[in-house]
Amino acid sequence: MPMFKTAFNGYAVKFSPFLESRLAVATSQNFGIIGSGRQYVLDLTPNGFVPVCSFDTPDGLYDCTWSEDNENILVSASGDGSVKLWDLAAPPMANPVSNRQEHSHEVASVDWNMVRKDSFLSSSWDDTIRLWTVDSPQSLRAFVEHSYCVYKAVWNPRHADIFASASGDCTVRIWDVRQPRSTYQIPGHEMEILSCDWNKYNEFMLVSGSVDKSIKLWDVRNPRQELTRLLGHTYAVRQVKFSPHQESLLMSCSYDMTVCLWDYRAPEDALLARLAHHTEFAVGIDMSTLVEGLLASTAWDETVFVWQQGMDPRAA
């Protein structure tokens, strides 16, 4: 399967929910410490990647998410604290079509609501999460209970008003936007939690990944004790992602430069595969909702890989 070389260090890769061959890649210059960013949109063809367009930004980009309502709308999380909306159907000079600057520090993640489809979340190093809609240039609400950087905020795929957040304060919180405060607090790890994701088939199941090298599965109705713990990474777990096609399958990537696939229900070893196709920190992963088993990853080595589960990502 093909590999694409980016100009800057890769941070996030996301498959389009509308077009099975399209994906977005958020990148940052100089490992995201200082410098500019570039948002790529790529099409996967039988002959490899074909760039559709790219957008340059004054600061690095740390995440991106596709609209669930319009195949041309894409949102990026920027190091200058802004959230940028791009419209692939608009003239290049019209982009970004919206630049929303309310966070005071780097925006770590963005996530589109799969149920309501008109709203999205941004989480930031300023310890806050903000709720946005496409039509309003101002955020509708800020969620401010975390005491350290919020690295991830993700909507529940079955409930339009519920989301989870992962923070450097070592907790995962569960929120209902109809409530004034978070509904659950999970003291998930003894070190910073960098990522979390919901199970697409079980509305109560959540996975978290931490600097402590572990991945934990939770039932949010019993937040004091994890369901299971997955060990195998040798450095911090940067991202975790549940499969949209198989309930017990999940994917992770790590500062140990590997991407792993897990089956938490496996009777013996939950680790299905350890892939070492990157040569720097692996920081972005995704699993296609439109093509079962199609996986993607990006890393600080300035590469993007797309491959079919069970294959070697480096195979031509």
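Contact means that heavy atoms lie within 4.5 Å.

The model is a predicted one, in which local features need pLDDT of at least 70 and side-chain atom pairs count only at pLDDT 80 or more, while totals for chains, interfaces and linings use all residues. Residues are numbered from 1 along each chain as its sequence is written, and side-chain values use heavy atoms, with hydrogens and water left out.

Q: Which residues is A160 in contact with, leaving aside its neighbours within four places in sequence?
A: With those neighbours left aside, A160 is in contact with N113, V115, R116 and W155. A160 itself is placed in the loop between β14 (150-155) and β15 (162-167), where helices (H or I, at least four residues) and strands (E, at least two) are DSSP runs numbered from the N terminus.

Q: Why does A160 count as buried?
A: Buried means under 20% relative accessible area, exposed means over 50%, and partly exposed is what falls in between (1.4 Å probe, protein chains only). The relative accessibility of A160 is 14%, and therefore A160 counts as buried.

Q: Why does R116 count as partly exposed?
A: R116 has a relative accessibility of 38%, so this residue counts as partly exposed. R116 sits in the loop between β10 (107-112) and β11 (119-124), and, apart from its neighbours within four places in sequence, R116 is in contact with A160 and D161.

Q: What makes D111 buried?
A: The relative accessibility of D111 is 18%, and so D111 counts as buried. D111 belongs to strand β10, and its contacts, leaving aside neighbours within four places in sequence, are T65, F120, L121, A153, V154 and W155.

Q: Why is K14 called buried?
A: K14 has a relative accessible area of 13%, and therefore K14 is buried. This lysine is found in strand β2 (residues 9-15), and, not counting residues up to four places away in sequence, K14 touches R22, L23, A24, D63, C64, W66, V110 and D286. One of these, A24, is ten residues from K14 in sequence and 5.2 Å from K14 in space, C-alpha to C-alpha.

Q: How many helices and strands does the protein have?
A: The protein has zero helices and 28 strands.

Q: Why is the protein said to be as compact as a globular protein of that length?
A: The radius of gyration is taken over C-alpha atoms, and the globule rule is 2.2 Å times the number of residues to the power 0.38. For 316 residues the rule gives 20 Å, and the radius of gyration of the protein, 18 Å, is close to that value, so the protein is as compact as a globular protein of that length. Its C-alpha atoms fill a box of roughly 50 × 50 × 35 Å, taken along the principal axes, and 60% of the 316 residues count as buried.

Q: What makes a set of residues a nonpolar core, and which residues have the most contacts inside the largest one?
A: A nonpolar core is a set of buried Ala, Val, Leu, Ile, Met, Phe, Trp, Tyr and Cys residues joined through side-chain atoms within 4.5 Å. The largest such core has 14 residues, and those with the most contacts inside it are V207, I215, L217, L230, F242, L250 and W262. The elements that give two or more residues to this core are β19 (205-210), β20 (214-219), β22 (237-242) and β24 (259-263), and β22 gives the most, with three residues. Among the residues in contact with W262, leaving aside neighbours within four places in sequence, are I215, L230 and L250.

Q: What is the phi of K213, and where is K213 placed?
A: Phi of K213 is near 80 degrees, a positive value in a residue other than glycine, and K213 is placed in the loop between β19 and β20. Most residues other than glycine have a negative phi, and most peptide bonds are trans. With a relative accessibility of 39%, K213 counts as partly exposed. Phi of C170 is also positive, near 75 degrees, and C170 lies in the loop between β15 and β16 (172-176).
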